[in-house]
Structure formats: C-alpha cells, structure tokens
Amino acid sequence: MPLSSPLRRENAPNGIPRLAILDQTRLPHATHWLPLAHWREAETAIRAMQVRGAPLIGITAAYGLALAMQEDASDTQLVEVTARLAATRPTAVNLRWALARMRACLQTLTPAARRNAAWAEADALAAEDAARNHAIGQHGLALLRALPRPGARPLRVMTHCNAGWLATAGGGTALAPVYAARAAGIPLEVWVSETRPRNQGLLTAWELREADVPHTVIADNAAGILMAQGKVDAIFVGADRIAANGDVANKVGTLLKALAARRFGLPFYVAAPTSTFDAACANATDIPIEERDGDEVRCVTGMNTAGQPVTARLLPEHTAVNNIAFDLTPADLVTAFVTERSVFAAEAAALRPLFAEPEHD
Ligand code: MRU
C-alpha cells in the first residue's frame with residue numbers, strides 16, 4: 001500500500017504552511033484531520049498520542065521543528081524546541097533519531113535559510129520512511145511466501161499493537177508484509193491483538209478493514225491458546241527500539257507473544273526500519289520504558305449508541321494500577337529482524353552492519 005498517510009502538509013487559510021494529522025484518538029469511530037499550526041500543537045499531539053507509532057512520532061517531531069523554524073529560526077529556538085520535542089515520549093528512538101537528522105541539517109545554516117530547509121528535510125524524512133516501509137514489505141513478503149500453507153489455505157498472521165500505515169509515513173512496518181502479500185494475491189488472515197490499555201489493535205483492525213484484509217480481533221489473553229491450537233503461522237510485530245544485541249522494546253504484551261511463539265515453535269518476526277536500531281543501547285537494560293497515566297488502565301473510551309465519544313470508568317480512581325507501556329523481548333526469542341535493508345538474525349554479530357550506517361554513529 002499505503003492507502004493514504006496519517007499526516008499531510010497543507011496551507012492555513014492565510015497561506016502559511018502547516019501540518020495536518022489524522023487524530024488517532026478519534027479512530028476507529030471518526031476520521032478527523034487535526035491541523036497543527038504551531039510546534040506546541042505538535043508536541044501535544046505526540047504526548048497525547050493523537051499521533052503515535054515509533055516512525056510517525058519521529059516524522060511529526062521533524063515537522064514540529066519546521067513549524068518552530070517558521071516562527072523563529074534562531075539557534076536558541078532550534079536547541080530549545082528540539083529538546084522539548086525529544087522529551088515528549090521516551091521509548092521510541094525514532095523520535096530522537098529524526099530530531100538529530102533535523103538538527104544536523106539545520107544547525108550549520110543561517111537562520112534565514114532554515115525555514116525552507118526544515119520543511120524540505122521533514123519531507124525527505126517522510127519520503128524515506130515510506131520507501132523503507134515498502135522495502136520492509138518486500139523482505140517480509142519473501143518470509144511469508146516461505147511459510148507452509150497446507151491445501152493452499154490462507155496464511156494466519158498474528159500481530160500486536162499497530163505497526164501499520166497509521167504508525168508510519170508509508171505502508172507500515174509489521175503490516176507492510178501483510179499488505180505486500182495481499183497485493184501479491186497470497187490469501188491471508190490476521191489475528192489482531194486488542195492491545196490494552198490503549199487498544200491500538202482497534203486501529204489495526206480499522207486499517208486492515210480499509211485495505212480489505214480479512215482479520216479477527218482477539219483479547220490479548222487469547223493469543224496463547226490460538227498458537228497452541230495451531231491457528232497461527234507466524235507473528236509479526238513492530239518495535240520502538242532495538243538494542244545492539246537485538247533485544248527489542250515494543251508495546252507491552254509483545255514479550256508474552258514471543259514466549260508463547262517459542263513454546264509452540266512459531267516464527268516471531270520483528271519488522272522495523274534501521275532508524276529503530278539504537279547503537280547507544282548495548283542491551284534491553286539501557287532502553288527507557290515509558291510509564292503512562294494510570295487512568296488509561298482505570299478507564300475505557302469508546303462511543304455510545306448515539307455515536308458520541310464517551311469515557312467509562314472501570315476502576316475507582318484510588319485503585320493502584322501499573323501502566324507500563326512497553327516491554328522488552330530478549331533477542332533469543334526473535335526469529336529474525338525484517339528491515340528495509342534485508343532480513344537479519346537477532347544476534348549482535350549479524351546486526352553489526354546495521355549499526356555501521358553513518359546515521360547511527
Ligand atoms: O505507544 P504507541 O502506540 O506509540 O506504540 C508504539 C507502537 O506503535 C508499537 O509499539 C509498534 O509495535 C511499533 S511502532 C511501528
């Protein structure tokens with residue numbers, strides 16, 4: 001694919017460039033485009049998860065910096081806004097990676113030259129992400145083609161969270177192979193894990209439905225029994241950060257799927273662009289894990305029968321909850337990494353060429 005992109009450049013009525021994002025907090029019930037005309041609005045959109053997904057928050061931050069340069073292209077603004085945007089979410093390294101790219105491009109320019117250069121570099125980041133998604137899809141497609149499909153029945157892929165086009169500027173990471181297989185005429189069905197507490201699986205179901213890919217939503221706790229019953233052929237997930245030894249930070253719940261996959265002998269693939277690999281983290285213990293507001297666990301948000309958004313309280317506000325947003329999957333549970341460059345074994349030695357890229361210095 002992609003079917004579309006969850007962000008677009010546009011001009012405000014006064015002709016000034018701005019960004020518009022598909023507000024993911026309104027999905028799957030409403031498709032609402034939210035204009036972002038100031039860098040502080042980009043900062044809020046990332047923090048509030050109106051945009052989310054590791055690659056997409058990096059690209060949104062890049063455009064946030066372009067908005068900041070439009071307002072004031074001074075050195076002080078460049079340094080301060082970069083720091084503010086980098087602090088919005090801690091785990092996905094793509095955020096810091098994209099901001100480092102922007103800063104490297106802008107800091108040697110005169111303030112006068114920065115405004116146009118910032119928009120151009122953010123556009124380049126978005127275009128590169130889309131190209132990476134496409135390449136990930138093709139490498140993942142080769143893995144899907146190699147899976148046995150007795151009686152030519154559809155392949156059954158399980159995924160977690162949302163690592164589709166809503167999480168990127170292109171056709172997604174973990175879902176890119178699914179879309180590539182669909183385009184190649186390979187019949188397949190997707191098990192979509194709900195992904196409590198933020199329910200990003202519902203975003204996955206929404207975009208798979210848009211793409212006409214057969215899928216079934218499951219409660220997170222159902223993943224193990226489906227694997228045990230032989231109803232899963234492979235698991236594809238995304239990643240928010242991958243350490244030099246191949247340990248993976250991804251949405252909480254990933255680790256349990258990896259453990260179950262190992263027990264039942266199923267391939268567990270992690271699809272991510274090279275911008276998700278972090279040479280500065282030797283292993284999982286170096287990866288910061290985001291803990292979010294407990295009300296995300298205590299409450300649920302949905303739509304009432306009148307079509308109005310509503311939030312319902314599941315637990316009293318004094319109930320202690322833990323809302324750890326990511327978990328860490330040891331490299332030895334990962335069958336392979338699917339990147340835009342190739343498929344890599346989850347071992348430090350095999351991954352070394354990825355970290356030799358100039359952008360990882
Ligand atoms: O907290 P989120 O929704 O921003 O989570 C990040 C993710 O989208 C997932 O962890 C995903 O699997 C990796 S990003 C394509």
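**Close-up views of loops, ligand site, cavities and pocket**

**View A.** Proline 197 sits in the loop that runs between strand S5 (188-193) and helix H7 (200-210). Helices (H or I, at least four residues) and strands (E, at least two) are DSSP runs, numbered from the N terminus. The model is predicted, and local features need pLDDT of at least 70, side-chain atom pairs count only at pLDDT 80 or more, and totals for chains, interfaces and linings use all residues. Residues are numbered from 1 along each chain as its sequence is written, and side-chain values use heavy atoms, with hydrogens and water left out. The peptide bond from arginine 196 to proline 197 is cis, with omega near 5°. Threonine 195 lies in the loop between S5 and H7 and, although not a glycine, has a positive phi of about 70°. Most residues other than glycine have a negative phi, and most peptide bonds are trans.

**View B.** Leucine 27 and proline 28 are joined by a cis peptide bond, with omega near 5°. Proline 28 belongs to the loop between strand S2 (17-22) and strand S3 (33-36).

**View C.** The ligand is surrounded by 18 residues, the closest being Arg52, Arg89, Asp240, Asn250 and Lys251; a residue counts as near if one of its heavy atoms lies within 4 Å. In the side chain of aspartate 240, an N or O atom is 2.5 Å from an oxygen atom of the ligand. For arginine 89, a polar side-chain atom lies 2.7 Å from a ligand oxygen atom. For arginine 52, the distance from a polar side-chain atom to a ligand oxygen atom is 2.5 Å. Taken alone the ligand exposes 400 Å², and the protein buries 100% of that (Shrake-Rupley method, 1.4 Å probe).

**View D.** The largest cavity holds about 210 Å³ of space. On a 1 Å grid over the protein atoms alone, a cavity is a set of points where a 1.4 Å probe fits but cannot get out, and lining residues have an atom within 4 Å of a point. A search of the whole structure finds 3 cavities of 30 Å³ or more. Of the 26 residues lining the largest cavity, Arg52, Gly53, Ala54, Asn162 and Asp240 lie nearest its centre. Helix H2 (54-71) and strand S9 (248-251) each supply at least two lining residues, and H2 gives the most, with 3. Domain 1 (7-129) and domain 2 (139-360) both give residues to this lining, so the largest cavity lies between them; the domain bounds come from an automatic or database assignment.

**View E.** The second largest cavity contains about 80 Å³ of space. Its lining includes Pro55, Gly58, Trp97, Glu128, Arg132 and Ser275. H2, helix H4 (93-106) and helix H5 (111-145) each supply at least two residues to the lining of this cavity, with the largest share, 4 residues, coming from H5.

**View F.** The largest pocket has a volume of about 650 Å³. A pocket is an open set of points with protein on both sides within 12 Å along at least five of seven lines. Its lining comprises 26 residues, of which Thr25, Leu27, Arg198, Thr301 and Gly302 lie nearest the centre. H7, helix H10 (295-298), strand S12 (299-303) and strand S13 (309-313) each supply at least two of the lining residues. S12 contributes the largest share, 5 residues. Domain 1 and domain 2 each provide at least three residues to the lining of the largest pocket.

Conventions. Grid points are joined across faces, edges and corners, and a volume is the space filled by probe spheres set on the points. A polar contact is a pair of N or O atoms within 3.5 Å; within protein, one must be able to donate a hydrogen and the other to accept it, and residues adjacent in sequence count only if both atoms are side-chain atoms.
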